[in-house]
Amino acid sequence: MILSITEMVKLLRDSVNIQYADSEVIDPAYLSMTDEDIIRFIKLGINRIYPEVESLEDLPPNCSEYAIILLSKIELYLKLAVLRSEKIDLGADNNNYIKNSQRFDHYMKLVEEARQEYESWLDNEGNGTVSTYEILNTKYSHTKR
């Protein structure tokens, strides 16, 4: 493992987008999460890739922290989306409004982006790069000509 658990927590925190476009609104549900809360999301990500791992210390030395962070982001965004799934408008005295449904949509779009990144990582077999030959070789080698 290249990153420590503390570094993975920091990386996940730094990579999560909780601010909304054209707004200074930041999600207090995320800001109130402790490192232990974030570690639970990392454990969920680990469990999806390495179901046999029972402890963070048992991660294989060649594990992909990148994939773990992507899956952890998906779990975290889903949690934040569920917390904002009600359809109540929030407003302030200075006519700044954001609807919780907008927050839900925002998080679901982020979930979809993280899923696409993870699918891309899987398609590239975790190598981070792919060439045209490799695509043709792996994707279409089983089809009849």
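Arg48 and Glu75 join their side chains in a salt bridge, with N and O 3.3 Å apart. This pair ties together distant parts of the chain, since Arg48 sits in helix 3 and Glu75 in helix 4 (residues 65–83), 27 residues apart. Helices here are DSSP runs (H or I) of at least four residues, numbered from the N terminus. Arg48 counts as partly exposed at 45% relative accessibility.

A word on the model you are looking at: it is predicted, so local features need pLDDT of at least 70 and side-chain atom pairs count only at pLDDT 80 or more, while totals for chains, interfaces and linings use all residues. Residues are numbered from 1 along each chain as its sequence is written, and side-chain values use heavy atoms, leaving out hydrogens and water.

A salt bridge means a side-chain nitrogen of Lys or Arg within 4 Å of a carboxyl oxygen of Asp or Glu. By this rule there are four salt bridges. Among them are these:

| Pair | N to O distance |
|---|---|
| Lys10 and Asp14 | 2.9 Å |
| Arg13 and Asp35 | 3.2 Å |
| Arg48 and Glu75 | 3.3 Å |

The side chains of Arg13 and Asp35 meet in a salt bridge. Here, too, distant parts of the chain are linked: Arg13 belongs to helix 1 and Asp35 to helix 3 (residues 35–49), 22 residues apart. Arg13 is partly exposed, at 23% relative accessible area, and Asp35 is partly exposed at 40%.

Lys10 and Asp14 both lie within helix 1 (residues 5–15), four residues apart, or about one turn of the helix. Both of these residues, Lys10 and Asp14, are exposed (exposed is over 50% relative accessible area, buried under 20%, partly exposed in between, with a 1.4 Å probe and protein chains only).

How values were computed
Helix = DSSP H or I, 4+ residues; strand = E, 2+ residues; numbered from the N terminus.
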